[in-house]
Every structure is written in structure tokens, then in C-alpha cells.
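Hi everyone, thanks for coming. Let's take a look at a structure together, starting with its charged pairs and then moving inside.

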Amino acid sequence: MAEDLNISGRLDPDELSKQLGTKIIGREIHVYRETASTNDIAWQFASEAREGVTIFTEAQTQGRGRRGRTWIDSEGKSILMSTVVMPGLPTEEFNVLTVLGAVAVCKTLQISCELKPTIKWPNDVLISGKKICGILVETRQDDNKAPGTFVIGIGLNVNLKAEQLPEVLRDHATSISIELGKEVHRTDIARELLRNLDTLYLNVKTGDLTALEQGWKKLCLTGDEILTLEQSGKIYRGRVHDLDLRDGLILQLESGVLKSFRGEHVSVVPEIEI
Ligand code: BTN
């Protein structure tokens with residue numbers, strides 16, 4: 001009984017901080033019952049230059065995703081979080097942080113849930129081809145060559161039942177509980193996620209991207225295949241040439257030219273975007 005209560009209980013900042021052991025990510029944790037978007041709250045702290053401050057909420061009224069989409073949740077069933085980082089990277093390299101979020105989520109799903117996640121470029125985390133997590137990295141600076149402040153927002157479906165997923169997404173989305181056939185403790189998973197974010201982030205902060213890049217390439221679905229991408233209304237088709245943390249996905253177009261796609265205004269076609 002106590003365990004059931006714990007599973008369905010609210011996230012709590014003290015419990016999340018207990019034996020967390022991170023150096024930067026989560027050194028200050030705030031939990032809200034409901035917010036418009038955790039990314040907005042994180043930006044309020046970012047203006048005070050509080051790197052590592054991490055916001056969780058039980059529900060969002062205006063959760064947002066990439067490319068102007070909305071992110072829908074069911075109260076108390078997800079991990080909805082945002083963290084402020086200042087890695088010393090120019091804002092045009094935000095892709096590094098998107099990858100950092102995706103790899104940290106994958107490691108968490110492997111360690112805490114024994115699941116086998118993959119990353120659908122650029123930033124969706126999938127289990128058996130279904131989306132379980134989305135990542136939204138934001139910057140708010142005009143000069144994209146200058147070192148920036150970033151907010152990494154993560155939405156992970158934890159204890160959602162199939163019927164709690166938006167109907168149009170049901171065939172394309174999943175949650176940890178759907179995959180495992182049982183509910184899990186969000187606090188344990190959130191703590192593990194903070195630890196994985198912190199470990200990867202400390203490397204990025206010292207300029208060492210090797211572990212992140214290797215981890216990403218292993219998890220990323222894009223191997224040596226042909227992809228069709230849409231960017232700003234234009235369609236590009238080519239063979240995947242490389243994945244580069246800074247430059248994103250590099251396609252060899254049918255003309256032979258190499259073109260890199262950073263992900264922010266790009267989608268893979270003809271797959272359904274979820
Ligand atoms: C996507 O897949 O398009 C990215 C979705 C990101 C959703 C998370 S939930 C926590 C944070 N706050 C938001 O408003 N969005 C991100």
C-alpha cells in the first residue's frame with residue numbers, strides 16, 4: 001500500500017535532492033503543481049544566471065514542443081522538466097544540448113527501466129519505434145556566435161496509460177508503464193535522469209564531447225540510409241553521410257553535395273511527425 005502511494009505521489013524537491021550527488025544539474029530544484037511551461041519558469045531563473053536550476057511540474061497548461069507544436073500531458077503521470085545551462089557554447093551549437101538531453105534520457109531508460117531506447121534524429125527518444133520522450137532546447141539570444149544560456153526542456157511519458165495519450169498519437173507514442181506493464185516511481189527515474197544529465201554536461205562544459213558523441217551515434221537510428229528531409233518548405237533527399245554533434249545530420253544529396261541539417265527547422269518525411 002505504501003508503495004502504491006509512493007508511485008502515485010507528487011514529486012517533491014527534498015526527495016529529489018536526497019543523495020542526488022550531482023555537481024551542477026539539479027543543484028537547485030523547484031517543483032510546481034501546474035505551470036504554463038517549465039521552460040518559461042526556467043527562463044525566469046536563467047535571467048539570474050542560476051546554472052543548473054531545475055524545474056519540475058506535475059502538469060503544463062501550455063507545454064510546447066519543437067516547431068510550434070504543443071506538448072500534451074496528463075497530470076502527475078510524466079516527468080516534465082527544464083534545466084538552465086551555460087556551457088560556454090555559441091547558441092548556434094544548441095544541437096549539442098539537444099543530443100545531451102536525448103542521450104541522458106536513453107541512459108536513464110536503460111539503467112532504471114531496462115528498456116532499449118533509440119534516438120530518432122534529431123531528438124525524439126523512441127521505444128520500439130514509438131515516441132516516449134521529446135526534448136526542446138531553447139536559446140534567447142540574438143548573437144548566435146556568442147556563448148549562450150540555454151534551457152533544456154524534457155517531457156518523458158512515465159505512468160501514462162494508452163488511453164491517456166492523445167488519440168491521434170496512440171499508435172505512435174508510448175510510456176514507461178505501457179512498455180513495462182506496471183507503474184514506476186517517477187522520483188527514482190527523475191533522480192537518475194538528473195545524474196545522467198549532470199555527468200554528460202560536465203564533459204561538455206570542459207569541452208570534451210567524445211563520450212556524448214559516441215553514445216549518441218550508438219543510439220541514433222540513422223545509419224547509412226536514404227532520408228528525405230523538409231526544411232523551410234524545401235525537400236532534400238540523400239544518403240546519411242555523418243552525424244556530427246555541432247553540425248547535426250550531414251546528408252550527401254543526390255547531386256553529391258554534402259549538406260548539414262541542424263534540426264531546428266527540419267523534419268524527416270514521409271514519417272508522421274509526433
Ligand atoms: C518535442 O518533442 O517536440 C519536444 C517536447 C518537449 C516537451 C517538454 S515538457 C517540459 C518542457 N516544457 C515545455 O513546454 N516543453 C518541454
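**Salt bridges and cores**

The count of salt bridges here comes to 16, where a salt bridge is a side-chain nitrogen of Lys or Arg within 4 Å of a carboxyl oxygen of Asp or Glu. Before I go on, a word on the source: this is a predicted model, in which local features need pLDDT of at least 70 and side-chain atom pairs count only at pLDDT 80 or more, while totals for chains, interfaces and linings use all residues. Residues are numbered from 1 along each chain as its sequence is written, and side-chain values use heavy atoms, with hydrogens and water left out.

Let's start with Arg 64 and Asp 40. They form a salt bridge whose closest N and O atoms are 2.8 Å apart. Arg 64 lies in the loop between strand S2 (53–57) and strand S3 (78–85), and Asp 40 in helix H3 (residues 38–46), so the pair ties together parts that are 24 residues apart in sequence. Helices (H or I, at least four residues) and strands (E, at least two) are DSSP runs, numbered from the N terminus.

How accessible are these two? Arg 64 is partly exposed at 28% relative accessibility, and Asp 40 is partly exposed too, at 26%. For these words, buried means under 20% relative accessible area, exposed over 50%, and partly exposed in between (1.4 Å probe, protein chains only).

Next, Asp 242 and Lys 217 meet through their side chains in a salt bridge, at 3.3 Å from N to O. This pair also links distant parts of the chain: Asp 242 is in strand S9 (residues 234–244) and Lys 217 in helix H7 (residues 210–219), 25 residues apart. And coming back to our opening pair, salt bridges that share partners join Asp 40 and Arg 64 with Glu 138 and Arg 140 in one network.

Now for the inside. A nonpolar core is a set of buried Ala, Val, Leu, Ile, Met, Phe, Trp, Tyr and Cys residues joined through side-chain atoms within 4.5 Å. Which members of the largest core touch the most other members? Out of 64 residues, they are Leu 109, Trp 121, Leu 156 and Ile 176. Helix H4 (residues 95–113) gives this core its largest share, eleven residues.

Let's zoom in on Leu 156. Beyond its neighbours within four places in sequence, its contacts (heavy atoms within 4.5 Å) include Ser 78, Val 105, Leu 109 and Ile 189. Apart from this core lies another, of nine residues, including Ala 42, Trp 43, Val 84 and Val 151.
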